[in-house]
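Please read it with the structure open beside you.

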Amino acid sequence: MTTWYVLLEEDTRETKYADGAELRLHRWKLVATRGVGSTAEVAAAEAERLALEHVPAVIARHARPGDQPARQAYLTPDGAWVVSVRQRGREAHVRVSVARLMHTQTESEAPAPSWKEKLREAF
């Protein structure tokens, strides 16, 4: 059974200073994954709902109850949503896409070295 997911990414900005200049570094960050079922249609409907309702953290932090931010949502030919959300001079970008889970692997740690190996590394 194929499992479909909705992936929610937000554009994060970090400001750095180098040689007296301000650098605004933008990076897409995966903020949520949501398993939505076994069909692409269900996943696409959930992606659309998220694109039209999700409020990014940078906007939500400063929102008051009842606020409705401005929103522009674009559907790309590959089915991903790119959304611009604005409120009180702040702007945030969100990308919502549909994906199939193709591989998963659990974390495993190497065994601790024996006392002989630790002794060898010391010398």
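1. The side chains of Y74 and Q72 are joined by a polar contact of 3.3 Å, a polar contact being a pair of N or O atoms within 3.5 Å in which, within protein, one must be able to donate a hydrogen and the other to accept it, and residues adjacent in sequence count only if both atoms are side-chain atoms. This is a predicted model, in which local features need pLDDT of at least 70 and side-chain atom pairs count only at pLDDT 80 or more, while totals for chains, interfaces and linings use all residues. Residues are numbered from 1 along each chain as its sequence is written, and side-chain values use heavy atoms, with hydrogens and water left out.

2. Y74 is partly exposed, because its relative accessibility is 46% and that class lies between buried (under 20% relative accessible area) and exposed (over 50%), with a 1.4 Å probe and protein chains only. Apart from neighbours within four places in sequence, Y74 is in contact with A80, W81 and V82, where contact means heavy atoms within 4.5 Å.

3. Y74 lies in strand β3, which covers residues 70-75; the chain has three helices and five strands, taken as DSSP runs (helices H or I, at least four residues; strands E, at least two) numbered from the N terminus. Their order along the sequence is β-β-α-α-β-β-β-α.

4. For the chain as a whole, buried residues account for 20% of the 123 residues, and the C-alpha trace spans about 65 × 55 × 30 Å along its principal axes.
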